[in-house]
Amino acid sequence: MSTFAPARHAAGTSDGTAAIGGRFRETAHADPDVSLDDGWGWGGAALDVEAIHTIAEDLKDALIVTPVVIGRPETYRSHEQRDQEMDRQVAAKARLEEFGTVDQAAIYVGEMVAARAEEIAGITTAEVQASWGERATAAQETHASVKQRVADAREAGAPVDDALLMEAYRASTAHAMTMYGRDEQTKTDLRRLADGYQAALAEVRELGGNLAFAEGGQKTAATQFQRMSEFFPADWVQASNEYGIDMVPKTTKGRAHYMNDAVKTRVSSERTYTKYRAEGRPDPAQENNPRFDWVATGENVPGMGEKYESIEYEVIDPDTTWRSTPSGGFTRIKYTASGAPTGGRWKPWVHPETGRTHWRRPELTTRNRWSRQAAEIKTGGRSEVYAEGRKLNDDVATHELSHRFGYAVGNLNALEESFLRRRTTIEPDGEGGFDQQKLQPVYQTILKSDGKGGVTEHNGRALRGEYTRPDHFVSRYIGKRYDHPATEILSMGTEAVFHGSYGGLIGVGKHNSDLEHRNFILGALATAGGKNTYRP
């Protein structure tokens with residue numbers, strides 16, 4: 001550990017200024033005519049994989065978690081084993097102190113991975129930012145110039161030429177696409193960086209694997225999730241497969257999601273009689289109740305006598321014209337000429353005390369047998385692609401898979417939580433502690449028409465219980481809080497890093513740069529591991 005300089009700043013400089021690109025940012029880059037189809041240059045300094053693995057092992061020990069996410073805790077570990085775990089945890093935390101918090105150790109690794117990725121890609125984040133800025137400025141100037149020419153023509157009273165109007169339309173479109181980072185060159189650059197990230201991570205650990213899915217899912221969704229698994233460590237995929245809750249993959253036109261333990265699959269159902277048991281002889285009121293027919297079982301209950309059982313009967317009392325239905329409504333009773341209710345299987349039962357005739361039949365109930373509960377993972381709902389060569393909703397599938405791994409991978413959620421807490425902790429509270437940012441609605445206040453020519457305030461989706469600690473993330477959604485062990489740190493980060501969403505976290509389009517978040521994502525992918533196990 002003594003060979004490492006602490007990673008105190010996300011951008012890679014001693015004072016936290018905006019130098020971008022890590023220690024390889026001054027190396028030679030690919031020629032401008034190199035395309036995505038060409039092989040990348042693999043020269044230069046390699047990653048210190050052994051050092052990264054050492055940090056990964058320290059993180060695993062420092063973030064020891066109970067090997068259960070939901071359900072009862074393990075009981076087989078001895079006191080000696082638990083003491084050994086605690087000793088390892090204390091020692092690992094001491095070794096990681098040079099980085100600050102545990103998530104800063106991951107960020108340090110992520111800086112190394114990002115630097116190696118830029119070398120592989122032949123382009124740095126600084127160059128991508130600068131290139132986009134030049135295009136955005138040029139597009140803005142062109143748009144303003146053409147717009148002024150149209151205005152001048154109209155002011156002069158002359159008809160505006162169709163060619164000029166078409167030029168203005170194209171300039172407006174190019175301006176909008178470039179300003180939002182959706183122009184083709186930005187997509188190409190973000191894809192080059194994404195490929196570099198993936199290749200650099202592959203030098204650290206094996207990526208990809210065959211994801212296991214439950215039956216009953218959609219094949220197209222499963223195929224997309226399987227393709228996106230190539231961005232994640234192979235042992236994460238294995239941890240997902242061994243987690244204990246299968247995934248049911250689906251597509252949606254609405255809002256995608258991952259819901260752990262959300263789906264029940266019915267294996268079979270049967271119609272059967274409802275049975276009751278009495279511990280000892282039933283009281284006389286129950287013995288003379290037409291809803292039961294108590295029979296001795298031959299079993300004895302200590303202190304209570306013989307055990308009885310009965311099926312339950314559906315009963316129509318004398319002179320009744322209406323009866324309830326299973327759905328909670330009522331239906332009129334029809335009788336045959338003999339006086340029996342219609343519908344079949346009704347038998348007369350004469351009350352031993354009143355002598356009145358009741359009609360009854362065995363009451364049936366539907367008994368379902370369910371398979372083990374499964375998780376529901378949905379992709380879909382996207383209309384944009386932000387990196388060259390990606391397919392629609394690839395970023396969404398990557399996002400939702402990240403949630404899955406948050407549950408299945410041992411120390412991943414703890415790393416995310418450390419990052420989120422540090423980023424959303426503000427100044428000292430004056431009492432020796434620190435305050436957390438106040439929760440705010442994820443979706444900021446917007447103005448809506450009141451239908452009377454005015455507007456009213458509407459707090460986005462606050463009524464859905466979606467709240468965030470926004471920090472300075474590229475999206476307020478990243479700071480979202482849940483009442484279960486999940487965050488949006490990894491999910492939003494992976495879709496940005498590998499698919500160019502939110503400007504790839506490097507500050508292109510109308511998004512801020514958040515290189516610390518990018519480096520955390522790469523560091524977590526390089527170091528996080530272990531397994532959680534679902535036990536019902």
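**Pocket lining, helix packing and salt bridges**

The lining of the largest pocket divides into 12 nonpolar, nine polar and 10 charged residues. The model is predicted, and the volume of this pocket comes to about 890 Å³. The lining comprises 31 residues, of which Arg 255, Ala 256, Glu 400, Tyr 477 and Glu 488 are the closest to the pocket centre. At least two lining residues are supplied by each of strand 3 (258-263), helix 10 (394-408) and helix 12 (489-499). Helix 10 provides the largest share of the lining, with five residues.

Two packing arrangements of helix 3 were examined. In one, the axis of helix 3 (residues 102-121) comes within 8 Å of that of helix 11 (residues 412-423), and the two cross at roughly 100°. Angles of 65 to 115 degrees count as roughly perpendicular, and helix 3 and helix 11 are therefore roughly perpendicular to each other. On the helix 3 side, the contact is made by Val 102, Asp 103, Gln 104, Ala 106 and Ile 107, and on the helix 11 side by Leu 415, Ser 418, Phe 419 and Arg 422. Five of the residues in the contact of helix 3 with helix 11 are nonpolar, two are polar and two are charged.

In the other arrangement, helix 3 packs against helix 13 (residues 515-527) at an angle of about 95°, the axes lying 6 Å apart. This angle makes helix 3 roughly perpendicular to helix 13. Helix 3 contributes Asp 103, Ala 106, Ile 107, Val 109, Gly 110, Glu 111, Val 113, Ala 114 and Glu 118 to the contact, while helix 13 contributes Glu 516, Arg 518, Asn 519, Phe 520, Leu 522, Gly 523, Ala 524, Ala 526 and Thr 527. The contact of helix 3 with helix 13 contains nine nonpolar, four polar and five charged residues. Asp 103, Ala 106 and Ile 107 of helix 3 take part in the contact with helix 11 and also in the contact with helix 13.

Salt bridges were also identified. Side chains of opposite charge can pair when their charged atoms come close. The structure contains 25 salt bridges. One of them, between Arg 88 and Asp 61, has its closest N and O atoms 3.4 Å apart. This pair links distant parts of the chain, with Arg 88 in helix 2 (residues 79-96) and Asp 61 in helix 1 (residues 49-62), 27 residues apart.

Conventions
Residues are numbered from 1 along each chain as its sequence is written. This is a predicted model: local features need pLDDT of at least 70, side-chain atom pairs count only at pLDDT 80 or more; totals for chains, interfaces and linings use all residues. Side-chain values use heavy atoms; hydrogens and water are left out. Axes are lines fitted to C-alpha atoms, for helices over the stretch in contact, and angles run from 0 to 180 degrees between N-to-C directions. Helices (H or I, at least four residues) and strands (E, at least two) are DSSP runs, numbered from the N terminus. Angles under 35 degrees count as roughly parallel, over 145 as roughly antiparallel, 65 to 115 as roughly perpendicular and the rest as oblique. Contact means heavy atoms within 4.5 Å. Ala, Val, Leu, Ile, Met, Phe, Trp, Tyr, Cys and Pro count as nonpolar, Asp, Glu, Lys and Arg as charged, and the others, Gly among them, as polar. On a 1 Å grid over the protein atoms alone, a cavity is a set of points where a 1.4 Å probe fits but cannot get out, and a pocket is an open set with protein on both sides within 12 Å along at least five of seven lines; lining residues have an atom within 4 Å of a point. Grid points are joined across faces, edges and corners, and a volume is the space filled by probe spheres set on the points. A salt bridge is a side-chain nitrogen of Lys or Arg within 4 Å of a carboxyl oxygen of Asp or Glu.
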